[in-house]
Amino acid sequence: MLAQLIRIAPAREQNRRFLNAACIGLLLAYFLHFALPALRAGFGEDEMMNLYFYWFPGAFRSIRANFCFWSISYPQRPAGALYYLPLYHFFSLDPLPYRIVQISILAVTIPIFFYLARLLSGSRAVAFLAALAMCYHVHLAYLVFGGSFIYDVLCGFFYFASLTYYVYIRQKGLALRPGQLVVFLALYVCALNSKEMAVSLPVIVFIYEALKCPRLRDWNEFARRNWRVAIPAFVTALVTAIYIYGKLNGAYSLAKLEAYRPVYSWHRFTLTNAHFINDLLYDSASRIGRAILIAWPVLFLYAFWRRDRLLRLMAFWVVITPLPLAFIPSRSAAMYYIVLLGWATIFAGLVSDLIALAGKVTAPSGPRTAMLSTCATAAVAVAFAVFTQWENQRFDRTRGLLNSGEKSLRVIQAFRSLALHPEPGSRILLRPEKRFYLNDYYPLFVASLVWNDHSLQIYVEGQPQLSQHQVAKVDCVVSFNEFQAKLVPAPDHS
């Protein structure tokens with residue numbers, strides 16, 4: 001009997017691994033179906049600015065900023081340097097490698113979604129449906145097609161990686177050893193260096209532990225037994241407090257800009273969250289988002305009534321993780337990448353509950369219930385995938401997102417067509433024939449990156465700080481529009 005059990009255990013483990021790998025393979029294929037067209041995307045206007053902000057201070061200063069998360073210095077969001085600078089060094093302004101890396105990061109994050117949901121729920125079906133909902137959403141397509149959203153992509157990757165690493169250790173009933181705590185903190189700091197959305201992680205970890213620990217009458221005994229478990233939450237909270245202080249008070253704080261200035265009110269909180277929920281439901285004009293916000297208490301009551309730790313955690317998740325964005329003007333749904341996991345997991349959990357209820361009614365025997373559950377989960381997954389494909393075609397976002405990156409490629413080609421190789425230290429005046437860009441410094445960004453010479457002094461005609469004396473001293477004048485550039489006579493220095 002014992003020998004038979006010994007033979008069965010490895011077979012079950014092998015079967016489990018095969019099923020997990022099959023699920024992940026299907027998820028990746030589903031994601032790539034929507035993502036591969038993004039390989040044809042160019043550079044958005046904001047992406048030229050982002051790349052310039054790492055190129056200008058140089059690699060050493062940009063990379064050093066990743067180790068000084070508490071110092072709000074230039075450049076901001078320093079993790080972007082780890083993405084932009086190597087790609088620029090090896091591939092210059094060829095957009096294809098940038099898109100390959102961005103899609104690859106998103107693809108690598110999909111198994112993390114699956115594994116995290118699997119750890120929390122103990123259900124492969126719930127994990128598969130949650131990861132499926134995370135793979136692609138039409139209103140979050142900027143994550144795939146918009147290069148300037150690399151910060152959200154990186155933040156999501158490091159955020160989910162750090163949380164999954166933590167949960168993996170804690171699900172074994174172990175406290176993090178010092179080396180493991182360092183790894184956890186390193187991943188979290190990388191998430192912070194990517195984008196401010198990551199600040200919710202310590203609260204999520206604390207709630208996870210609060211839901212995981214048994215209820216004890218003697219709180220002194222509780223504290224004595226569990227103080228080591230609380231160390232990661234308190235350490236990450238300290239790191240977060242230092243980070244937030246710097247973000248709000250640093251010289252380059254985004255909170256000082258009107259577009260990022262928070263307004264702490266219930267109206268702003270409900271407005272931003274309702275806007276995101278409406279985007280998730282493909283109906284930005286309806287009031288259903290506000291209705292769901294009103295139903296939040298019902299979600300909490302259901303989660304605690306079911307005694308489902310996963311649903312309890314996700315009920316807190318959808319309230320807490322939007323807070324870094326909830327009090328500033330409404331943003332694109334793609335910026336709520338982290339928040340999406342909460343709604344995706346709630347969706348998967350509710351579907352799983354309905355399938356289980358139907359199974360008990362129609363097929364009370366064990367084997368038939370399991371078969372029904374598998375078939376029903378597959379049917380829901382197929383229906384969800386078909387619906388997403390239909391909505392993607394209805395909104396036709398792919399064409400618009402691809403077209404938005406063409407302008408920068410044309411401007412880059414226009415500057416390259418000059419075959420101009422300025423002498424080091426040259427002063428160059430850029431003279432736009434007409435305004436076709438939003439950022440006043442956009443021509444400066446493109447020209448600097450095309451010529452890749454920090455010694456050049458490049459000016460854009462029409463900038464308020466450009467003096468007549470500077471114009472008179474230029475060595476070269478380039479007149480340009482979106483499609484072509486040409487050299488024109490420079491002012492007479494005599």
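Helix α10 covers residues 201-212, and its end C-alpha atoms are 16 Å apart, which agrees with the 16 Å that its 12 residues should span at 1.5 Å a residue. This helix belongs to a predicted model of a protein with 22 helices and four strands.

**Helix α10**
- In α10, the buried residues are Leu201, Pro202, Ile204, Val205, Ile207, Tyr208, Glu209 and Leu211.
- An α-helix has 3.6 residues a turn, so residues three or four places apart point the same way.

**The protein as a whole**
- The protein has 494 residues, and buried residues make up 50% of them.
- Of the contacts between residues at least 6 apart in sequence, 75% join residues at least 24 apart.

- Helix α4 has 13 residues, and the distance from its first C-alpha to its last is 19 Å, close to the 18 Å expected at 1.5 Å a residue.
- Its buried residues are Ala79, Gly80, Ala81, Tyr83, Tyr84, Leu85, Leu87 and Tyr88.
- These buried residues pack against α2 (45-55), α3 (59-64), α5 (95-121), α8 (150-170), α9 (178-194) and α21 (442-451).
- Leu82 also lies in α4, which comprises residues 79-91, but Leu82 is partly exposed because its relative accessible area is 47%, and buried means under 20%.
- Together with Ile63 and Phe67, Leu82 makes a nonpolar surface patch of about 320 Å².
- Just after α4, Ser92 takes a positive phi of about 55 degrees.

**Asp152 in helix α8**
- Asp152 is located in helix α8.
- With a relative accessible area of 6%, Asp152 is buried.
- Leaving out residues up to four places away in sequence, Asp152 touches Leu143, Lys195, Ala334, Met335 and Tyr337.

**Nonpolar cores**
- In soluble globular proteins, nonpolar side chains tend to be buried together.
- The largest nonpolar core holds 153 residues, and Phe160, Phe415, Leu430, Trp451 and Val478 touch the most other members.
- Beyond its neighbours within four places in sequence, Val478 is in contact with several residues, including Phe415, Leu430 and Trp451.
- Other contacts of Val478 include Arg431 and Lys486.
- A second, separate core has five residues, among them Tyr459, Val471, Val474 and Val477.

Definitions and conventions: Residues are numbered from 1 along each chain as its sequence is written. This is a predicted model: local features need pLDDT of at least 70, side-chain atom pairs count only at pLDDT 80 or more; totals for chains, interfaces and linings use all residues. Side-chain values use heavy atoms; hydrogens and water are left out. Patches are made of residues with over 30% relative accessible area and no salt bridge: like charges are joined within 9 Å, nonpolar side chains (Val, Leu, Ile, Met, Phe, Trp, Tyr) within 5 Å. Accessible areas come from the Shrake-Rupley method with a 1.4 Å probe; for residues, only the protein chains shown count as cover. A salt bridge is a side-chain nitrogen of Lys or Arg within 4 Å of a carboxyl oxygen of Asp or Glu. Helices (H or I, at least four residues) and strands (E, at least two) are DSSP runs, numbered from the N terminus. Buried means under 20% relative accessible area, exposed over 50%, partly exposed in between (1.4 Å probe, protein chains only). The expected span of a helix is 1.5 Å times one less than its number of residues. Contact means heavy atoms within 4.5 Å. A nonpolar core is a set of buried Ala, Val, Leu, Ile, Met, Phe, Trp, Tyr and Cys residues joined through side-chain atoms within 4.5 Å.
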